[in-house]
Amino acid sequence: MFLFTSHAKSPTVLKQAAALLFGLLLSGTLLAQTGTPQPASDTAASATATATPVPRASQPVIVDSIAAVVNNDVITMGELNTRIQLIEQRLKQQNIALPPREILQKQALEHMIVESAQMQLAKEMGLRIDDTQLDRTIARIAESRHMTVSQFRHHIEESGTPFEKYRENVRDDITIQRLRDREVNNKIQINDAEIDHVLGADSQMQMPVQLRLGHILIRIPENASPEQIAEKRDRAEKVLKALQSGSDFQQTAASYSDADEGLSGGDIGWRSTDQLPKVFVEALSGLNPGDLTRIIKSPNGFHILKVLDKRTMSTGPELAGASGGQVVQQIHARHILIKVNQLVSADEAKHKLLELKQRIQNNSATFEELAKTHSNDTSASRGGDLGWIYPGDTVPEFEKALVSLQPGEISDPVETQFGFHLIQVLDKKTDDISLERKRAAAKQALRERKIAEATEEWLRQLRDRAYVEYRLNDHRQDM
């Protein structure tokens, strides 16, 4: 019998020990036996003792098999299968057709390899999320769902995930985000010349178009040979051809995209055109919802984008101010947000907000009181107060409701990507857009664009520099 003592607390050590044991079992050098081999001199005596039963050797028990070795860590088949089940569950919830199992297995393993490389780097750098930090984060998650930690734990376990496993997943997520902050985000710098270039000498601060995009990335390895680049382009062309022939974009993204969001169907959400790389903006020019771009080449690989939706962040004609600048309408508002999740359906959220609106209109409670006790937004502590809002500060559905409401008026439930809102407009005014605000908006857009590009490049380098040994027989099957 082989025992791992309680001193071996590192997951990496445990997995390596399990992998070593598995390899030895396969090689036949270790067999767990119920008896001890007898010396040769005792063979005859043993043979004469026919009345004594001879113990039978037990069969080797395989603890787990290895899917891949990543530097000094291993990814086991048990871990891979658990990840695949979670991905399948998420895709079903999003009504995305599941890719073939072998393709999903390959995609999931590639993402786990990148995660493993990040976690090992974080460990080398001494990044660690202690239990106190983790408990605070989980408490905030529970609070955002209006649960106690005990209730939240019960909810997680009811969904089939052991709570300790959930805790470690949250710890890993925080660790990776801290690592990216240190290695990528905190190194991004924006200078005045770049801001001036975005604004332009004659910029009129026009509201940029926003696009909701689907994204597929076929990553090119660092220092790729011409043959490798040609192979990746060929793969991208096959993917584009399949999409043009009617293949589902989300299923295709889950099957072939190397991007972070690939296994979620490739949806990267809403992006302003000033937040996108110039090469993306050029390829998207003139496209309408449902259209696909050509294959876009970048230093990281080949990209295919699909326009899922399109909107213009504007509340109407802008007026000339007395100073010659632009004048926009500002709106002072507050809201109550009810998020939709596994515990609260869309119908329940809308019904709840209608009840709250009725209570306000009946003077049985104030908007501020109900926001503090019921809103899922960080503004709850302020009674839902959002302060003065400029055009473009909120998503279009929310902004449309703001514009239509008069001071003092309360909306019906408004649906956005964040959930359902009850909105009250407190006041409205017009004001010049300050130069500082223009520059701040331009700087933020530049920063988001640079972070996206730098993160993709950093992940590519991290992946390519990692030692990876595959143990899946069919892993190298291509499209």
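**Entry 1: the whole chain.** I began with a definition: a residue is called buried when its relative accessible area is under 20%, exposed when it is over 50%, and partly exposed in between. I also reminded myself that this is a predicted model. With that cut-off, buried residues come to 40% of the 479 residues in the chain. I then looked up the accessible surface, which is about 26800 Å², with 50% of it belonging to carbon and sulfur atoms. For secondary structure, I got 15 helices and twelve strands. I also checked how far apart in sequence the touching residues are. Of the contacts between residues at least 6 apart, 71% join residues at least 24 apart.

**Entry 2: the three-stranded sheet.** Which order do the strands of the open three-stranded sheet take? I read it as β2-β1-β12, with antiparallel pairing. β2 and β12 are the edge strands with a single partner each, so one side of each has no neighbour in the sheet. On average, neighbouring strands here are turned by 20° against each other, if I ignore direction.

Next I went through the pairings. β1 (residues 66–70) and β2 (residues 73–76) share four bridges and pair in the antiparallel sense. One detail I wrote down is that V70 has D73 as its bridge partner in β2. Towards β12 (residues 468–470), β1 has three bridges, again antiparallel. There V69 is partnered with E469, and V70 with V468.

How many residues of β1 are buried? Five of its five residues are, so I noted the strand as mostly covered. I also found that helix α3 (residues 77–93) lies across β1 and β2 and runs at about 55° to β2.

**Entry 3: two asparagines with positive phi.** β1 and β2 form a hairpin with two residues between them. N71 sits in that loop. Is N71 buried, partly exposed or exposed? Its relative accessible area is 31%, so by the cut-offs above it counts as partly exposed.

I then looked at N223, which also isn't a glycine and has a positive phi near 55°. N223 lies in the loop between β3 and α9. At 72% relative accessibility, N223 counts as exposed.

**Entry 4: the four-stranded sheet.** My next stop was an open sheet of four strands in the order β4-β3-β6-β5, with antiparallel pairing. The edges are β4 (267–272) and β5 (296–298), and each of them pairs on one side only. Neighbouring strands are turned by 40° against each other on average, direction ignored.

I zoomed in on β5 and β6 (residues 301–312), which run antiparallel and are joined by three bridges. S298 has G301 as its bridge partner in β6. Helix α9 (residues 226–244) packs on this sheet, where it touches β3 (209–219), β5 and β6. The direction of α9 makes about 35° with that of β6. Helix α10 (residues 249–256) lies across β3 and β6, at about 40° to β3.

Entry 5: To describe two packed helices, I need the angle between their axes and the distance between the axes.

What is the crossing angle of α5 (residues 131–144) and α7 (residues 163–183)? It is roughly 105°, and the axes come within 10 Å. That makes α5 roughly perpendicular to α7. The residues in this contact divide into seven nonpolar, two polar and five charged. Among those from α5 are L134, I138 and I141, and among those from α7 are F163, Y166 and V170.

Then I took α8 (residues 192–199) and α15 (residues 435–465), whose axes come within 9 Å and cross at roughly 105°. So α8 is roughly perpendicular to α15. Here I counted five nonpolar, no polar and seven charged residues in the contact. The α8 side includes D192, E194 and D196, while the α15 side includes K438, R439 and K443.

Conventions:
Residues are numbered from 1 along each chain as its sequence is written. This is a predicted model: local features need pLDDT of at least 70, side-chain atom pairs count only at pLDDT 80 or more; totals for chains, interfaces and linings use all residues. Side-chain values use heavy atoms; hydrogens and water are left out. Axes are lines fitted to C-alpha atoms, for helices over the stretch in contact, and angles run from 0 to 180 degrees between N-to-C directions. Angles under 35 degrees count as roughly parallel, over 145 as roughly antiparallel, 65 to 115 as roughly perpendicular and the rest as oblique. Contact means heavy atoms within 4.5 Å. Ala, Val, Leu, Ile, Met, Phe, Trp, Tyr, Cys and Pro count as nonpolar, Asp, Glu, Lys and Arg as charged, and the others, Gly among them, as polar. Buried means under 20% relative accessible area, exposed over 50%, partly exposed in between (1.4 Å probe, protein chains only). Accessible areas come from the Shrake-Rupley method with a 1.4 Å probe; for residues, only the protein chains shown count as cover. Two strands pair if DSSP finds at least two bridges between them.
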